[in-house]
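Keep the 3D view open and follow along as we go from strands to helices to a metal site.

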Amino acid sequence: MMKKPAPMPVIFDTDPGIDDAMALYLLAHHPALELRAITTVFGNAGVDVTSRNGQLLAALFDQQVPVAKGAAGPLHVDAEREFSVHVHGDDGLGGMAAMIDAEVPALDARPASQLICDMVNAEPGAITLIAVGPLTNLALALRHDPGIAAKVHRVIVMGGAFGTQARCGNVTPVAEANIINDPEAADLVFSADWPVVIVGLDVTHETVMTESYLSNLQGRGAGVGVCVGDFLWQATRHYQDFYQSVDGINGVYAHDASAIVYAIEPAAFTLRAGPVRVVTEGIARGQTIQDFRKPSGAVTPWSGCPAQQVCIAVRPERVLAIFDQAFDAS
Ligand code: BDR
Ligand code: CA
């Protein structure tokens, strides 16, 4: 009999966030992955709120892993934006954080970027970083110890938009939320010499978790103190109202969960290779641009940057099936 491959060790860098919570549940429960730590960042709410949510979700999903608090704002503080409370609610969890009735673990004493460096250095070549918020913690980790780039197995990012199927931006016409929250950090992370896969709006907008799909989670998924499916159904009510009002969809996009599905089943996605840069000035601030042309010899701002992988197509039925199956396993 073929031996099953060992689960992939993952540090989850996140700004929970309703879709972050969904992604974390899948990551924590899929046998192909092994959650090693949660690192938090500002984004969907302030970092105190997202960190508290990281602690609450670790408790709800029964994960005994370190939770380390990260950046409170972008690398360039003068570039600060408002938090997305209109999307994820004041508590970042659609007003449902109080449903979680479990003893929360204490925060790790280290800042998130330090924890990332420590864990990567302890196991060179092993750790996959999955980042589904602004990329500030990853950029700080690279600044602190550039040597980690050669020791990370892979970086998977939910963020950006590259124009496939006219998917270009959700905060401005050309900028996606995680990237515009810290464009300088994103540019640093995409230009670093480590393998990055970018799961942007090009593919996340292809997978809609409809109201009936979400409703079907109710009563499923064991959690500490409350059923996970019941919690996610309640938490997505606010999130769904937001997407109904802006895009007229009767459901929510599978943003952050798509990054986890990529880690589990990369064959569900089509990739395109080429260096990626982020616009950091002017009205296109936060725009992500990949140079996927054949090299012509001309020197451009993309020259010398490593080829990264951008997801340009997805099989949405696989994302939906893999997420749903995580509720049968418990
Ligand atoms: C991304 O922004 C956040 O609001 C979501 O959690 C997701 O990571 C989508 O643009
Ligand atoms: Ca997120």
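**Strands, helices and a metal site**

Thr-270 sits opposite Ala-313, a residue of strand β12. Before we go on, note that this is a predicted model, where local features need pLDDT of at least 70, side-chain atom pairs count only at pLDDT 80 or more, and totals for chains, interfaces and linings use all residues. Residues are numbered from 1 along each chain as its sequence is written, chains are lettered from A and ligands numbered from 1 in the order in which they are written, and side-chain values use heavy atoms, with hydrogens and water left out.

**The sheet**

- Strands here are DSSP runs of E with at least two residues, helices are runs of H or I with at least four residues, and both are numbered from the N terminus.
- Two strands pair if DSSP finds at least two bridges between them.
- An open sheet of 8 strands runs in the order β3-β2-β1-β4-β5-β6-β12-β9, with mixed pairing.
- At the edges you'll find β3 (67-68) and β9, each with a single partner strand, so one side of each has no neighbour in the sheet.
- Strand β9 (residues 269-274) runs antiparallel to β12, and 6 bridges join the two; Leu-271 stands opposite Cys-311 in β12.
- Strand β6 (residues 196-199) runs parallel to β12 (residues 308-314), joined by 2 bridges, and Val-197 faces Gln-309 in β12.

**Helices across the sheet**

- For the angles, axes are lines fitted to C-alpha atoms (for helices, over the stretch in contact), and angles run from 0 to 180 degrees between N-to-C directions.
- Contact means heavy atoms within 4.5 Å.
- Helix α2 (residues 47-60) lies across β2 (33-40) and β3, at about 155° to β2.
- Helix α7 (residues 183-191) lies across β5 (154-158), β6 and β12, at about 135° to β6.

- Which residues coordinate the calcium ion (ligand 2)? They are Asp-15 (OD), Asp-20 (OD), Asp-20 (OD), Val-132 (O) and Asp-256 (OD), at 2.3 to 2.7 Å.
- Val-132 is in the loop between β4 (128-131) and α5 (136-144), while Asp-256 is in helix α11, so this pair ties together parts that are 124 residues apart in sequence.
- Donors are N, O and S atoms within 2.8 Å of the metal (3.2 Å for Na, K and Ca), and sites may look incomplete because water is not among the atoms.
- Buried means under 20% relative accessible area, exposed means over 50%, and partly exposed is in between (1.4 Å probe, protein chains only).
- Val-132 counts as buried at 1% relative accessibility, and Asp-256 is buried with a relative accessible area of 2%.
- Ser-258 lies in helix α11 (residues 255-264) and is buried, at 1%.
- Leaving out residues up to four places away in sequence, Ser-258 touches Val-199, Thr-204, Phe-269 and Val-319.

**His-30**

- His-30 is in the loop between α1 (18-29) and β2.
- His-30 and Gln-325 are 295 residues apart in sequence, yet 9.1 Å apart in space, C-alpha to C-alpha.
- His-30 touches Ile-264 and Ile-322, not counting residues up to four places away in sequence.

**Cysteines**

- How many disulfides (pairs of cysteine sulfur atoms within 2.5 Å) does the structure hold? The count is 0.
- Cys-168 is in no disulfide, and its nearest cysteine sulfur, that of Cys-311, is 17 Å away.
- Cys-168 is partly exposed, with a relative accessible area of 33%.

Methods: Disulfide = S-S within 2.5 Å.
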